[in-house]
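Hi,

Here's the structure I promised to pass on. Have a look at it first, and then read my notes below.

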Amino acid sequence: MRVHACAAPAADELLAPTIIERRDVGPNDVLIEIKYAGICHSDIHTVNGDWGDSPAASI
């Protein structure tokens, strides 16, 4: 399943629209439709590296 998302390609880059591939919904999963979402300010701190290195920064 392909879904639209926003992601920061690196710790020093801005969030940008992207498409991610999700695994198929399994027999023990619940599929929900999300129409709107926001971003938490702590996500911005993590992207900026304000709290030091994060495991996501090395992906």
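Which residues form a nonpolar patch on the surface? They are Met1, Val25 and Leu31, and together they have about 270 Å² of accessible area. A patch here is built from residues with over 30% relative accessible area and no salt bridge, joining nonpolar side chains (Val, Leu, Ile, Met, Phe, Trp, Tyr) within 5 Å and like charges within 9 Å. The areas come from the Shrake-Rupley method with a 1.4 Å probe, and for residues only the protein chains shown count as cover.

Before you go on, keep in mind that this is a predicted model: local features need pLDDT of at least 70, side-chain atom pairs count only at pLDDT 80 or more, and totals for chains, interfaces and linings use all residues. Residues are numbered from 1 along each chain as its sequence is written, and side-chain values use heavy atoms, with hydrogens and water left out.

Val25 sits in the loop between strand S2 (16-21) and helix H1. Helices (H or I, at least four residues) and strands (E, at least two) are DSSP runs, numbered from the N terminus. With a relative accessible area of 40%, Val25 is partly exposed, because that label covers whatever falls between buried (under 20%) and exposed (over 50%), using a 1.4 Å probe and protein chains only.

Now the charged pairs. A salt bridge needs a side-chain nitrogen of Lys or Arg within 4 Å of a carboxyl oxygen of Asp or Glu, and the count by that rule is two. In one of them, the side chains of Glu21 and Arg2 meet at 4.0 Å, N to O. This pair ties together distant parts of the chain, with Glu21 in strand S2 and Arg2 in strand S1 (residues 2-7), 19 residues apart. Both Glu21 and Arg2 are exposed.

Arg23 and Asp29 also meet in a salt bridge, at 2.7 Å, N to O. Arg23 counts as exposed because its relative accessibility is 59%, while Asp29, at 31%, is partly exposed.

What about cysteines? A disulfide is a covalent bond between the sulfur atoms of two cysteines. The cut-off used here is a pair of cysteine sulfur atoms within 2.5 Å, and the structure holds zero disulfides. Cys6 is exposed, at 58% relative accessible area, and Cys40 is partly exposed, at 44%.

Last, find Thr46 in helix H1 (residues 41-48). Thr46 is partly exposed, at 33% relative accessibility.

Cheers
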